[in-house]
Amino acid sequence: MSLAKEPFRSLEKNPSHIMPKKLTMESNVQFRCHPGVSCFTACCSAIKIILTPYDILILCKRLGLEPHEFLHTYTAPTYLENTDMPGVMLKMREEDKKCPFVTPEGCTVYTDRPSACRYYPVGMADFHEASSKNNGGEEISGADEKFFFVVKEDYCKGHQEDKIWTVGEWRKDQGVDVRDEMNREWLRLIMRRKSHGRQANMSEQAKRMFFMASTDLHHFRRFIFESSFLKTYIVPDYLVEQIREDDIALMHFSFKYLAASLFGVQFDDLKIREEKIRAKVSEMKTEQDRSVLQAIRQYEDLKSDIDAMKPENKVAS
Ligand code: SF4
Ligand code: SF4
């Protein structure tokens, strides 16, 4: 079973702050956050905020930085959702452990703040049960369950304000729907990894590719256009043109590429060229033949050593 629950903000330390009530889009939530609350910006320090590829893209544009500059200045490495998949989180300031974007007046990147900051304090849980087969071998797709919940931390006084919203109104106000859309496929990659479990090793090369594609679209674009990528994969011309210019299209394409290369998901607009598959199969066959020949040679060497040790073959001294 896969689970994504408040995936971008560290809550595991304080699960008791999650209210034990499942909410729907129509449920009411009493909450308001504004500069007049006594706790203003208290939630912006000593917190683990995971950045999604879309968060990084938008913050780089906002700050006028290349991804590598942004990553170096504002982030620290982490692993995503208890997997071995590498990602980044906001690096808190050393001197006061506060978010690098917070001032006494509030968030300096507010309109472009990360997904985690928008979801708080209404989290979303998304359970997806893996598909299984019944007795007749028929594929039964796994059940999905999605619900919302409120996170109530003692220091957060926003819950004492008198504003009441439905979950849907709150999410719209915070721009969460757009983030859901932008983050969905990336989150699905992490959920896939979680459901595969640690028994399936992810190679170092695969981890590097995941990290590069998820954090540095500038680098990923160079990988597409300056390597043999387009000689290896068939990508429709319209899509090639889109990803050449459009960062959002490139980001969605990177999710597709990662799903295909890490988990074997098939897409009509991203296919390995037949001749590349044939070349790979032939390379594997040559490698296999070489291993078989080596094994035969080892067996014959061993056999002749054993034969030489037999008493009838020993030369009398
Ligand atoms: S990005 Fe803005 S809202 Fe998010 S933790 Fe930092 S200061 Fe607070
Ligand atoms: S009300 Fe809650 S969300 Fe708003 S600043 Fe205070 S602690 Fe942060």
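Trainee: How are helix 6 and helix 10 oriented to each other?
Mentor: In this predicted model, local features need pLDDT of at least 70 and side-chain atom pairs 80 or more, while totals for chains, interfaces and linings use all residues. Residues are numbered from 1 along each chain as written, with chains lettered from A and ligands numbered from 1 in written order. The axes of helix 6 (residues 204-215) and helix 10 (residues 247-263) cross at roughly 170 degrees, on a scale of 0 to 180 between N-to-C directions. Angles over 145 degrees count as roughly antiparallel, so the two helices are roughly antiparallel.

Trainee: Which residues of helix 6 make the contact with helix 10?
Mentor: Contact here means C-beta atoms, placed from the backbone, within 7 Å. Helix 10 brings Ser254, Tyr257, Leu258, Ser261 and Leu262. Helix 6 meets them with Ala206, Met209, Phe210 and Ala213.

Trainee: Which residue of strand 4 is the bridge partner of Thr75?
Mentor: Strand 3 (residues 75-79) runs antiparallel to strand 4, joined by five bridges; pairing takes at least two DSSP bridges. For Thr75, the partner in strand 4 is Leu90.

Trainee: Which residue between these strands takes a positive phi?
Mentor: The hairpin of strand 3 and strand 4 has six residues between the strands. The one with a positive phi, near 50 degrees, is Glu81.

Technical notes
Helix = DSSP H or I, 4+ residues; strand = E, 2+ residues; numbered from the N terminus. Parallel < 35°, antiparallel > 145°, perpendicular 65-115°, else oblique. Contact = placed C-beta atoms within 7 Å.
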